Amino acid sequence: MPTTPAPGHFERQHERLDALLLAHLLDVAGADFVSALQHLQQWHRSLQAHIAIENSRLLPHVPEGARWAARVYLLEHKRIALLAEEYIARVQAVARQAPPDETARRRAVLMLLDAAHALRHVLEHHHEREHTALAHELPEDVQEAAWRGVEGS
């Protein structure tokens, strides 16, 4: 009977980041904006560390002839960082000044969920690109060394 291969380094790291973002989104859905901001800040710190590892320890090893050049991943990282900063500013604004009534809370929830959509879309496509190409093009020992000691590895 065929078995599903264990998730690789990228998959484990992305699953951890996705779980942190989901915790944030669940807080948003429940209109707990203070907790939502805390979870988002935790996710953002982890995202920044993740991107730093990829940029410094992995992307320099992208081989010639790879499906996508290292610069594609670097540009996506910049786009993700920009979208994350824009989204964080929105969450901070709502958390700073709690909506005054139920209708305003619901509108704030909807606005934040809509605002998160672009970020989540870019993340999903970026992660898929890394899973289908980068994870297979980089030597396993390079990946192992890059992620050693990082939570979720």
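Helices (H or I, at least four residues) and strands (E, at least two) are taken here as DSSP runs, numbered from the N terminus. On that basis the protein holds five helices and zero strands, and from the N terminus on its elements run α-α-α-α-α. The model is a predicted one, in which local features need pLDDT of at least 70 and side-chain atom pairs count only at pLDDT 80 or more, while totals for chains, interfaces and linings use all residues. Residues are numbered from 1 along each chain as its sequence is written, and side-chain values use heavy atoms, with hydrogens and water left out.

For a sense of scale, the C-alpha atoms of the protein fill a box of roughly 55 × 40 × 25 Å, taken along the principal axes. Burial is judged by relative accessible area: buried means under 20%, exposed over 50%, and partly exposed in between (1.4 Å probe, protein chains only). Of the 153 residues in the protein, buried ones make up 42%.

The N-terminal end of helix 4 is capped by Asp101, a side-chain oxygen of which lies 3.2 Å from the backbone nitrogen of Thr103. Leu112 also belongs to helix 4 and counts as buried because its relative accessibility is 0%.

Turning to open space, a pocket is an open set of points on a 1 Å grid over the protein atoms alone, where a 1.4 Å probe fits, with protein on both sides within 12 Å along at least five of seven lines; lining residues have an atom within 4 Å of a point. The largest pocket contains about 220 Å³ of space, a volume being the space filled by probe spheres set on grid points joined across faces, edges and corners. Among the lining residues are Asp18, Leu22, Arg120 and His121. By class, the lining has five nonpolar, three polar and three charged residues (Ala, Val, Leu, Ile, Met, Phe, Trp, Tyr, Cys and Pro count as nonpolar, Asp, Glu, Lys and Arg as charged, and the others, Gly among them, as polar).

Helix 1 also holds Arg16, which is buried because its relative accessible area is 16%. The side chains of Arg16 and Gln13 are joined by a polar contact of 3.2 Å (a pair of N or O atoms within 3.5 Å; within protein, one must be able to donate a hydrogen and the other to accept it, and residues adjacent in sequence count only if both atoms are side-chain atoms).

The loop between helix 1 and helix 2 (33–58) contains Ala31. Most residues other than glycine have a negative phi. Ala31, although not a glycine, has a positive phi of about 60 degrees. With 24% relative accessibility, Ala31 counts as partly exposed.
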